[in-house]
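The sequence and the structure are shown first.

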Amino acid sequence: MTPFGWAVFLLGATTAVGALALIHIWTRDRVDGLNLRMWLVINFLVANVLSGFAHVLGWSRDRGFYEAMSGTPAGATSGLTTAAWSTFLGMCALWAGLTIPRPRILAAHRGPRQVPRRPLIPEQLYSFVSHHRVSMGGLALVLVAAGAVGLVRVMGATTDQTGGRIISVDGGNARYAFLAGWLPWGITILVLALASRKRVPGPAVWNTIILVAGLAALGVSATWNGGRSEIAYVAFPLLALMLPRINVLRWPLIVVGVTVFVGFIIATTARRVGATTDPWSFVDWQWGRFSMAAWAENHVQFHGALHGETLLSALLNVPLALLHFAGIPAENPFRSMVQVSGYDLLGGEDQIYVVPGLSAEMILNFGLLGAIVGYFVLGLVSAMVSDAYSRSRSETNRLLLATVGSTLVFQGIVGQLESLEVFLTLSILPLWGLWIVERIFGRGDTKSPPAGIRSSPATELSPRTPAVHK
């Protein structure tokens, strides 16, 4: 069979496996408050499979940075077969990681409080923000103001942009970039503080108004560094916590929000790639990572594997950034993923806006086995985070876990490991700070049950709903 035939066959097989995975996840008897399993599989199918079909079958005329169909026969010299195998085996590994038995974080064990049989409704959470609404609201306003200042400074000081997206800033403005990155979390905490005024299920209109206002503010705050997946990334935690509070208005808001967001994606992509009548180019160019896996295999054949270089670069990135902020000059001795792809595809390590994705990075470092292990670990960690969210009784825990889960969904498959580390540490420092503050000052508030919990048969312990500490 030719490389083209193998690619079509394996992409079709991956589609079937993905559909079975979605059916299994949807029907399994488990409470999953974040639905991370479902979102990860869907994102994998869009990023690797749909874009793969668009590229291999020629649906898209504008096929990104790398042509995976070169050679005779088509794909013979471009790593196409490896890309197809990595897609199929990666889907199987991701499904396995999402469903096998795994260790628990925030492990459940019996304690003095009872857990309701519906552990995901907001009235049964302990909310540090609602117990300290004035101070938390004030802190949120300070973060919003500081983030707004950082956003204005970054937008006004840099000219290194691609299609309206700021790619990098000079050293003097890096601190303002971090402030701008913290703006979404100030908005999120402020929305939770306003929503905590009325914690009963009734005020759906009030909660919907502040949620819509918060989403609009998040949209503005995230456009400077991307504007599509970044908006989804910062909106995901807020939606996870607020959608259960708006009752009958939930589905109308979801339908309208999805429609607006899809329109925004189309408009933003068209502005960056130019006017086009090719609808598949939006998928293959922006979300497509299939052809990048082929590029990685081709790069390994000609230049050799990197043997973990970009992973070492990712591990050192945050410590070196902290040294840099302290005024200590320190350069990363290893190349990042985007430096490798920028040099190879565009001719310069400063061209750092080509992000190949997880499949390509794992293949580039460790070959096909690396892609399999990478997706298995991603699935395993995501399942642990999702289950911890469902067991948690603390709104602060859930906010942090939802943000980590959002990072895994929107950066884990299509991003790079270096950005994943930054997103989980420096970019969400306000949320880690809130989590630490609750650990220190919230203990006295947790002696009594959260609002909405009563001693009744509905909250009695059962073998399937063990008591948990926050």
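## A loop residue and a surface patch

Leu-57 lies in the loop that runs between α2 (36-56) and α3 (80-99), in what is a predicted model. With a relative accessibility of 35%, Leu-57 counts as partly exposed, because that class covers values between the limit of 20% for buried and that of 50% for exposed.

Together with Phe-4, Trp-59 and Trp-280, Leu-57 forms a nonpolar patch on the surface, and the accessible area of these four residues together comes to about 340 Å².

## Packing of α1 and α3

Helix α1, which spans residues 3-27, packs with α3 at an angle of about 15°, and the axes of the two helices are 8 Å apart. Since angles under 35 degrees count as roughly parallel, α1 and α3 are therefore described as roughly parallel to each other. In passing α3, α1 makes a left-handed crossing.

## Packing of α8 and α16

Helix α8, made up of residues 229-242, packs with α16 at an angle of about 150°, with the two axes 8 Å apart. That angle makes α8 roughly antiparallel to α16, the cut-off for this description being over 145 degrees. The crossing in which α8 passes α16 is right-handed.

## A buried arginine

Arg-393 is found in the loop between α15 (368-391) and α16 (395-412). At a relative accessibility of 1%, Arg-393 counts as buried, a class that requires a value under 20%. Although 268 residues separate Arg-393 from Leu-125 in sequence, their C-alpha atoms are 4.9 Å apart in space.

Methods:
Residues are numbered from 1 along each chain as its sequence is written. This is a predicted model: local features need pLDDT of at least 70, side-chain atom pairs count only at pLDDT 80 or more; totals for chains, interfaces and linings use all residues. Side-chain values use heavy atoms; hydrogens and water are left out. Patches are made of residues with over 30% relative accessible area and no salt bridge: like charges are joined within 9 Å, nonpolar side chains (Val, Leu, Ile, Met, Phe, Trp, Tyr) within 5 Å. Accessible areas come from the Shrake-Rupley method with a 1.4 Å probe; for residues, only the protein chains shown count as cover. A salt bridge is a side-chain nitrogen of Lys or Arg within 4 Å of a carboxyl oxygen of Asp or Glu. Helices (H or I, at least four residues) and strands (E, at least two) are DSSP runs, numbered from the N terminus. Buried means under 20% relative accessible area, exposed over 50%, partly exposed in between (1.4 Å probe, protein chains only). Axes are lines fitted to C-alpha atoms, for helices over the stretch in contact, and angles run from 0 to 180 degrees between N-to-C directions. Angles under 35 degrees count as roughly parallel, over 145 as roughly antiparallel, 65 to 115 as roughly perpendicular and the rest as oblique. A crossing is left-handed if the near helix is turned anticlockwise from the far one by less than a right angle, and right-handed if clockwise.
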